[in-house]
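Here is a friendly walk through one protein model, from its overall build to a few local spots. Have a look at the structure first.

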Amino acid sequence: MKENIAIYTLTSELHDEKSVSTVTQEFLESLGIEYDLKGNDYSDYGAACLNLIYVRTGGTEGVFLKLLPELQGKSNRPFYLLTSGKSNSLAASMEILSYLRQHNIQGEIIHGSPEYITHRICLLQKVEEARRLLNGARLGIIGKPSDWLISSHADKEQVKNRLGIELIDIPMDTMYRNQNIYESLKSIIAEYQLQGFTLRCFDLLTTLKNTGCMPLAKLNSEGYVASCEGDVPAMLTMMIVRSLLGVSGFQANPATINPDTGEMLFAHCTIPLDMVERYELDTHFESGIGVGIRGFMKEGPVTVFKVSGDLSRYFIAEGTLVRNQAKPDLCRTQQVIQLADKSQAQYFLTSPIGNHHIIMPGHHKEVLEKILM
């Protein structure tokens with residue numbers, strides 16, 4: 001939509017406005033994007049989803065410096081400096097970006113071929129749209145993280161500051177108001193106004209003699225984020241994926257790794273129903289009771305992703321789902337994934353972010369990296 005991208009301009013008074021306007025029109029038309037050209041009126045800077053500052057000429061460094069305090073008061077997002085390279089605009093953009101970096105302010109110069117610039121703008125627009133979805137989101141922690149997830153907690157303040165997500169502790173007892181697990185979760189979602197949650201689901205095995213595998217699979221397919229075992233970093237990772245890509249994520253843990261080839265086996269007893277071509281019902285692997293889901297996802301490109309609970313670290317690996325399998329001695333959904341860069345298998349053996357990782361269809365490294373900057 002046009003109002004999602006606003007372009008503001010920086011121009012030196014030494015340059016002829018007529019000739020600069022002609023270059024501006026030609027340059028922006030070459031990009032083939034919809035935008036709202038604001039000119040040098042910065043009064044509503046930050047209101048659009050993506051705000052670009054088009055550095056049209058050289059000699060604009062001082063103009064930007066005067067504007068900087070006002071712009072920082074309107075938006076805390078990085079400064080995206082768009083430039084055609086004409087009239088020494090690239091040189092000015094580099095000086096501006098150097099100043100920003102010296103003062104620990106994030107920014108980026110968007111420059112290159114029309115194709116590169118268009119790709120970059122579309123990527124940034126997607127990132128900024130996702131950030132707006134994340135800001136103000138409410139995610140529930142129903143019960144505490146499972147006892148074995150000793151590293152899978154989160155820094156609530158950091159999560160709030162970095163992404164605008166509020167993490168809400170919810171007593172496990174709320175699950176037992178209704179013996180129907182799915183209905184209990186829907187009730188909690190409504191009561192606490194949640195966009196997602198993580199559930200200490202293994203407690204259900206002893207209290208209700210059942211599992212949360214099917215309710216979680218169904219709720220994920222309905223557009224909520226529903227994470228297992230009270231794993232907060234996994235839930236955050238799934239929320240980022242949902243907001244950025246509009247798809248569900250498969251929470252799974254590595255079962256085997258071949259460091260020489262980069263082939264890995266991931267497994268878990270539930271998978272979002274909208275991620276699979278078909279599925280079968282089995283028992284829950286560890287307990288042998290309730291329902292576990294054996295889902296078969298379409299083979300092809302995938303991305304493995306995880307963020308830490310304080311958002312200080314992340315892991316992203318692109319690869320290929322080479323086959324689904326159904327061995328009886330593992331969690332029911334089993335995916336064999338070949339990492340594109342086999343050396344990334346060492347991460348799981350030397351510096352993993354917990355055991356659970358999130359798998360999604362497609363290759364998304366570039367856009368995932370950008371949202372975490």
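## Overall build

This is a predicted model. The protein has 373 residues, and 53% of them count as buried. Its secondary structure comes to 11 helices and 17 strands.

Along the principal axes, the C-alpha trace spans about 75 × 45 × 35 Å. If you look at contacts between residues at least 6 apart in sequence, 74% of them join residues at least 24 apart.

## The largest pocket

The largest pocket has a volume of about 510 Å³. It is lined by 23 residues, and Asn76, Arg77, Glu128, Arg131 and Arg162 are the closest to its centre.

Sorted by type, the lining has nine nonpolar, eight polar and six charged residues. Among the elements that each supply at least two lining residues are β3 (50-55), α4 (114-134) and α5 (156-163).

## Aromatic rings

A pair of aromatic rings is described by two values, the distance of the centres and the angle of the planes. The model holds 11 aromatic pairs when the ring centres must lie within 6.5 Å.

Tyr42 is buried because its relative accessibility is 4%, and Tyr45 is buried at 5%. These two residues belong to one aromatic cluster together with Tyr8, Phe64 and Phe79.

## Charges over rings

Where does a charged side chain lie over the face of Tyr182? Lys218 takes that place, at 4.3 Å from the ring centre.

Another such arrangement involves Arg278, whose charged end sits over the ring of Phe296. Here the distance to the ring centre is 3.9 Å.

## A closer look at Ser243

Ser243 is found in helix α9, which covers residues 232-245. Is Ser243 buried or exposed? Its relative accessibility is 10%, so Ser243 counts as buried.

Which residues does Ser243 touch, leaving aside neighbours within four places in sequence? Ser243 is in contact with Ala130, Leu133 and Leu134.

Conventions. Residues numbered from 1 in each chain as written. Predicted model: local features only at pLDDT ≥ 70, side-chain atom pairs only at ≥ 80, totals over all residues. Heavy atoms only, no water. Phe/Tyr/Trp six-rings, centres within 6.5 Å; stacked < 30°, edge-to-face > 60°. Buried < 20%, exposed > 50% of the residue type's maximum accessible area, 1.4 Å probe, protein only. Lys NZ or Arg CZ within 6 Å of the ring centre and 35° of its normal. 1 Å grid on protein atoms, 1.4 Å probe; cavity = no way out; pocket = protein on both sides within 12 Å on 5 of 7 lines; lining within 4 Å. Points joined across faces, edges and corners; volume = space filled by probe spheres on them. Helix = DSSP H or I, 4+ residues; strand = E, 2+ residues; numbered from the N terminus. Nonpolar A, V, L, I, M, F, W, Y, C, P; charged D, E, K, R; others polar. Contact = heavy atoms within 4.5 Å.
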